[in-house]
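Hello,

Here is the structure I said I would pass on.

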Amino acid sequence: MQLLSQKFNLILFLTFVFLFCKTTAIAQHTDYVDDTQKQVLADSTKLYFIPDVSHKEMRWSKTRNKWFSAKLGFAPILDYNAIYQDNDSENQVGPQESRWDIRSARVMLRGKINFKKKWSYLLSYEYRGLDRKEDQAAFGFTDIKLIIPIGEHSELHVGKQKETFVYEMVGDAANLPHFERLLNPFFNSRNNGIIYRHFLMKDRMTISAGVFNQWPGNDKDLDEGATTFTARVTGLPKWENEGKTFMHMGIGVRYVEAENGVIRLKGKNESNISDNYVDTGNMEAKHQWNLNFEQLWSLENFSVLMEYVHNWTATTTSGLEQFSGFYVTGSYVLSGEQRPYDMKAAYARRIKPTGKYGAWEIVSRIGRNDLQTRTINGGINNRYNLGLNWWATQYWKAGFIYGVSNLDKNGVTGITNSLQFRLQWIY
């Protein structure tokens, strides 16, 4: 009965999403976007070979009065994963299934509350994908947050939200060049907490810091949940030609208390449906520290995004254990567009195609997660990707990525070849 109920909820939810995809949108993002960042918002006056929505069709999806404004958003993402393994890979992680996957099905409500200094809010409810834990319900709230202005250059973010750590995580994952985040062992998708953000140098520099705890939202008291502290500092040392050429740099730290004396780091093979390829298992520990470096070079339609994370876990059995992960992603947009930079989020957003037939983007990536030490057999997974994205309209995107994974674990190297196809509509 529980399985039937979950299937019914999923069908009902997806029906609601796709029935109401005949809307206008200026959002095209899965997170809240400050409306002062006009360069990243969708231009729904554009017409494309692939039909899309208009302002007139979408008037029903938003409302405004003297107390508040509200706007609906949607993010359905559909994947197909084809997996091919050698014998060593199957022995390491088990056979991996090739199949369709509803990567995401999310409904969002965002807007402003009209106090003297306007507050902003974001609510999102979804069928959870990669961010879902094994013991987590298939449906639930992903974001519940308020953004409260403090003075002219500062704000507080309160509620269930993203932590301020790792570039892949802080913005719109669906709008990155690559499909999936690689550095999952080193961050938490959402957490309950408070973030302070400050903007300097005409928004060319940001400082963010947050404190988080899984309470409320679980069956534990505040002092029983694992407390997390994060901070992120970013800057734009290079900004030329109105942002056509820029360099983004950032550094982040993350401290996490052990929950019930245990810490576990694990990561899938850049696929929502794969098993964990790297996994430390439960480590008896006190806490962990993470240090992150991020850099994005954008030279008009060519960009390179790089990140590195180093982890120190203070175990009670084998002392200080160290783990790491990195990736380098290259992007070249054949039709000449680039990702506009959002100075408030310190993040490059979605490609907005200018031509009738959309924008085509070639993507390559190398990456590595190393959870292997002399005492911890978590494995080392090396990834190599090559892909093509078609940003068909302001909201539609289709793409495929071919990936090769070399997993060093249990004294052998297992090879997994994968083809991932994606169709998404982000409103």
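**Overall**

This is a predicted model. The chain has 427 residues, and 55% of them are buried. Its secondary structure comes to three helices and 22 strands. Take the contacts with a separation of 6 or more: 64% of them are between residues 24 or more positions apart.

**Strands β4, β5 and β6**

Start with β5, residues 139–150. It runs antiparallel to β4 (residues 119–127), and eight bridges join the two. Within that pairing, Leu123 stands opposite Ile144 of β5. β5 also runs antiparallel to β6 (residues 154–161), this time through seven bridges. There, Leu146 has Val158 in β6 as its bridge partner. The hairpin of β5 and β6 has three residues between the strands. Gly151 in this hairpin takes a positive phi near 70°.

**The second largest pocket**

β6 has the largest share, with four residues. What is the make-up of the lining by class? There are 16 charged residues, nine polar and eight nonpolar.

**The largest nonpolar core**

This core has 35 residues. Those that touch the most other members are Val166, Tyr167, Leu183, Phe186, Leu265, Phe323 and Tyr341. The elements that supply two or more residues to it are α3 (167–170), β13 (276–279), β14, β15, β16 and β18 (347–348). As a general point, nonpolar side chains tend to be buried together in soluble globular proteins.

Val166 deserves a look on screen. Setting aside neighbours within four places in sequence, Val166 contacts Leu183, Phe187, Asn292, Glu294, Glu307 and Val309. Leu183 is also on the list of core residues with the most touching members.

**The second largest cavity**

The whole structure has five cavities of 30 Å³ or more. Of its 21 lining residues, Pro177, Leu296, Ser303, Arg339 and Ala348 are the closest to the centre. β14 (283–299), β15 (302–315) and β16 (320–333) each give at least two residues to this lining. Which strand gives the most? β15 does, with four residues. By class, the cavity lining has 11 nonpolar, six polar and four charged residues. β14, β15 and β16 are also among the elements that supply the core.

**Ile207**

Last, one residue to check by eye. Ile207 sits in strand β8, residues 205–213. Is Ile207 buried, partly exposed or exposed? Its relative accessible area is 33%, so Ile207 is partly exposed: the value falls between the 20% and 50% cut-offs. Beyond its neighbours within four places in sequence, Ile207 contacts Tyr196, Arg197, His198, Leu200, Arg232 and Val233. Ile207 and Ala231 are 24 residues apart in sequence, with their C-alpha atoms 7.6 Å apart in space.

Best wishes

Key: Residues numbered from 1 in each chain as written. Predicted model: local features only at pLDDT ≥ 70, side-chain atom pairs only at ≥ 80, totals over all residues. Heavy atoms only, no water. Buried < 20%, exposed > 50% of the residue type's maximum accessible area, 1.4 Å probe, protein only. Contact = heavy atoms within 4.5 Å. 1 Å grid on protein atoms, 1.4 Å probe; cavity = no way out; pocket = protein on both sides within 12 Å on 5 of 7 lines; lining within 4 Å. Points joined across faces, edges and corners; volume = space filled by probe spheres on them. Nonpolar A, V, L, I, M, F, W, Y, C, P; charged D, E, K, R; others polar. Pairing = 2+ DSSP bridges. Core = buried A, V, L, I, M, F, W, Y, C linked by side-chain atoms within 4.5 Å.
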